[in-house]
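Student: I have a structure open and would like to check some of the words used for it. Could we go through them together?

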Amino acid sequence: MAKIETPRPIRGTQDIFGAEAEAFAHVVETFERVRKLYRFRRVEMPVFEKTEVFSRSIGETTDVVSKEMYSFEDRGGESLTLRPEFTAGIARAYLTDGWQQYAPLKVATHGPLFRYERPQKGRYRQFHQIDAEIIGAAEPQADVELLVMADQLLKELGIADGVTLNLNTLGDSDSREAWREALIAYFRDVKGSLSEDSQERLEKNPLRILDSKDERDKAFVADAPQIDQFLSGEAQDFFGAVTSGLDAAGVAWSRNPALVRGLDYYRHTAFEFITDRLGAQGTVLGGGRYDGLMESLGGAATPAVGWAAGIERLAMLVGEVGEQRLDLVVFTEFTGFEALASEISGLLRQTRGHSDTENLQVEHLYSGSRKKRYVKAKASGAWRGLSVEPHEHGLGCIRLRDLNVTGERPMRKRIREALEQHFVFYEAEIGHAHSWVLTGRK
RNA sequence: GCGAUUGUAGCUCAGUUGGUUAGAGCGCCGGUUUGUGGUACCGGAGGUCGCGGGUUCGAACCCCGUCAAUCGCCCCA
């Protein structure tokens, strides 16, 4: 008989477990808490859209669209794509679902995204982001609110120290276009001396040359035309309002005139929160203003700002958040008492004690050798153990035993209340352990 | 798409200049010991040495190919 080969996981997907899963959940929980403080409304978005939703809004020439999309035809022959980002789908919904009526609309979401890329540290083909958008607000205060929220999120996650906010403006579309022309003119003169990558970027995406890591490029980048020379008065005022708003809110930032964002739809404010603790993947949260996006999807001109952050990257910075606490482990070292131990475990989990509104977190140990259950119970890390044992009077007795007591966490009362639901019993001290002798059922 | 590094037990890893039947620790299972005690000891299960080909009397080890993982380039969160 042929051996069945176990299917391998898809490249770039992750099976997140244990401490990493706890850190992941911690990031999402913190985001959910913070977004409510800023009154962002929760939205749930489809994981796939018509391909054109992304190709039109992100830009045909960008890498995301030209080589990183998971696109496929459905059975009706329609080209669909697994979302590579949230913004385009949310913009589509804004137009198709009548969300204009809520403008200015503040929404937040999180979930998986898909990009066909080489996986490496902090980068996956299925990855996860948290996302926040303000649609229909042209005011710089919207940019400020979003950035202050991002800053608070990082602080509450305890990772703000190693992360700096890089800020830039790309100006309005006229400013951006003038700057782009100037950059092309400037770099074309020295094209032969640029890196191979940058020679290609010159045609496709000249702004990208500015943050090239190649030494050959850096020499020319230093003297390249700066966006500031091309900013219109309004664009300067807008950026000034954003920066002074951040200063007033106490959010630290630094100007990075080389910061450009890869996607076509960005205008005015562009920002990234960057760390040096994640290898080559320094950007932990990024976003900006995308006033041109709605028109590219056939809607009315609508100002909007947003950001997204990689949950995996944030979780790596957060580090250990601690596994779930274990209050009590229930076990028996005697044959025939497993069912009773199981029944008691269930009661304990379902009973709310008067002294504490939280239920006990209880592990029932039932596998392996009975003789080694005490050892396993201690190794489980539980604070207290409950051993189920035979007793000459009645069903058996239950003894509360100290295992890894580091602090007070009263349990006797709650155990008593749980037992009262099913059993008749009396309490005693047996071998220095507080015990309940079960004499019968109710 | 390109580059570097790495693939040996469930996990972390040894494995000599190529040489009998491929090992350890942890984990798992069983037993002895202990009997308020994470002890100590004994035993057991578990391996297509990533996969395919080549060189050789002989390959985990050398060569070629391939797949995968990790990190980096590109790009991005």
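Tutor: Gladly; what follows takes a few terms in turn, and please keep in mind that this is a predicted model.

Student: Why are H2 and H4 called roughly perpendicular to each other?

Tutor: Helix H2 (residues 51-58) and helix H4 (residues 87-96) pack at an angle of about 105°. Angles of 65 to 115 degrees count as roughly perpendicular, therefore H2 and H4 get that description. Their axes are 9 Å apart.

Student: Which residues in H2 meet H4?

Tutor: In H2 they are Val 53, Phe 54, Ser 57 and Ile 58, and they meet Ala 88, Gly 89, Ala 91 and Arg 92 in H4. By class, that contact has 5 nonpolar, 2 polar and 1 charged residues. Gly counts as polar here.

Student: What makes S2 and S3 edge strands?

Tutor: The open sheet has 3 strands in the order S2-S4-S3, with antiparallel pairing. Strand S2 (48-50) and strand S3 (70-73) each have a single partner strand, so one side of each is left without a neighbour in the sheet. On average, neighbouring strands are turned by 30° against each other, direction ignored.

Student: How do you know that S3 and S4 pair?

Tutor: Pairing needs at least two bridges, and 4 bridges join S3 to strand S4 (residues 79-82). The two strands therefore count as paired, and they run antiparallel. As one example, Tyr 70 has Leu 82 in S4 as its bridge partner.

Definitions and conventions. Residues numbered from 1 in each chain as written. Chains lettered and ligands numbered in written order. Predicted model: local features only at pLDDT ≥ 70, side-chain atom pairs only at ≥ 80, totals over all residues. Axes fitted to C-alpha atoms, helices over the stretch in contact; angles between N-to-C directions. Parallel < 35°, antiparallel > 145°, perpendicular 65-115°, else oblique. Contact = placed C-beta atoms within 7 Å.
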